[in-house]
Amino acid sequence: MKTVPLTKVTIVSESLLKDEIIAMIRKRGATGFTLTKVEGEGSRGVRASDWEGRNIQIETLVSSETAQGILQDLSTEYFESYAVIAWLSEVQVLRGEKFVRTGE
Amino acid sequence: MKTVPLTKVTIVSESLLKDEIIAMIRKRGATGFTLTKVEGEGSRGVRASDWEGRNIQIETLVSSETAQGILQDLSTEYFESYAVIAWLSEVQVLRGEKFVRTGE
Amino acid sequence: MKTVPLTKVTIVSESLLKDEIIAMIRKRGATGFTLTKVEGEGSRGVRASDWEGRNIQIETLVSSETAQGILQDLSTEYFESYAVIAWLSEVQVLRGEKFVRTGE
C-alpha cells in the first residue's frame, strides 16, 4: 500500500492549554489531531495525582515544515511558563497526502 | 538487550468499528493489540465532542508483511465510508519474536 | 528548532505493576513519564475486558543507555511472571537535553 512519510508531533501538556494548543497547531497547518488523557510526571515537578489525568497528549500528523512551526510556537509561547514537552517521530501514513494542506 | 525490529501499526477510527478492526488485524496475523480511547478531529469533519471519546486508537506490533496486509484491508474496506486513519512506525521490540506468528 | 535524539521506551503491563515499574525507570535514570490507561490483549491470554482498562502504558524519553537498562530490568524481573511488553522508538525531542540526567 502506498504510504506518505510524515512527521508525527506529540505534545504533552497541562489540560488547561488544550484549546490554545489545538488552535495553534491548526493555524500552523495541521488538518487533524487526536487527544488522549494521560497522567504525567516530569522533571519540573509537574504531577497529576488523580487517575483521570490533568494532562493531555495531542498528536498530529504533518509535514516536516509544519512540525518545525509547531515546535517554534511551543518553544516561544509555552516552554517558559508551562510544563510542556514535545517530540517528533517519522511515520508512514496511509493516504497521507490528505494530511498536508495545499497552498500554505 | 536483544530486540527485534517490527512495525507498529496505529489505527484511529470511530468506536463502532472496534470489533471489526480487531477481528481483521487478528486475521491478518497480529498476536495482540492495545486499545486507547481518544478524542479525534480530522479533515473529514469527524468530531468527538464529549471527552470520553467516540474514537479509539488501536496499536499492534507486527511484521512488515502483516502491516501491509492490514493497510490493504483498511484501505479497501473502511477508507471510503468511515473516518479511519492509519500509520506505520518502525520500533524495536523486546522479545519481539513472540509477536510474529509462524506458519503464516 | 533544535531537537535532541532520544529513545522513547513504551511499556504496556498490568496495572498492578504501575508503581514498581515507575520506581524502576526512575532508578534507571528516567526524569519523567506519561501513563495512559489502555485495554490490551496479547498472545499470553491477558485480557482486559472492561473498557476502563486493567492495563497501563508507560512512556518515557531517555538516552539509549538508560533505555537498555530499563529493558534489562523488565526482562529479568517481569517477563517470566507478568504480561509485559516493551518497545523502543527513536524520537527527536524539543529541549531534550533536560531529559538526560547528568552524572549517571
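Here is a walk around helix α2 of chain A and what it packs against. The model is predicted, so local features need pLDDT of at least 70 and side-chain atom pairs count only at pLDDT 80 or more, while totals for chains, interfaces and linings use all residues. Residues are numbered from 1 along each chain as its sequence is written, and chains are lettered from A in the order in which they are written.

Start with the helix itself (helices are DSSP runs of H or I, at least four residues, and strands are runs of E, at least two, numbered from the N terminus). Helix α2 of chain A covers residues 64-77, and its end C-alpha atoms are 20 Å apart, which agrees with the 20 Å that its 14 residues should span at 1.5 Å a residue (the expected span is 1.5 Å times one less than the number of residues).

Now look at A:A67, which sits in this helix. Why does A:A67 count as buried? Because A:A67 has 26 C-beta neighbours inside 10 Å, and buried means 20 or more other C-beta atoms within 10 Å, with C-beta atoms placed from the backbone. Leaving out residues up to four places away in sequence, A:A67 touches A:T7, A:V9, A:V62 and A:L88 (contact means C-beta atoms, placed from the backbone, within 7 Å).

Other buried residues in α2(A) include A:I70, A:L71 and A:L74. The helix's buried residues pack against β1, α1, β3 and β4 of chain A, together with β4 of chain C.

Finally, turn to α1(A). A:M24, A:I25 and A:R28 of that helix meet A:T66, A:G69, A:I70 and A:D73 of α2(A).

Methods. A residue is buried if 20 or more other C-beta atoms lie within 10 Å of its own, exposed if 12 or fewer, and partly exposed in between; C-beta atoms are placed from the backbone. Two residues are in contact if their C-beta atoms, placed from the backbone, lie within 7 Å.
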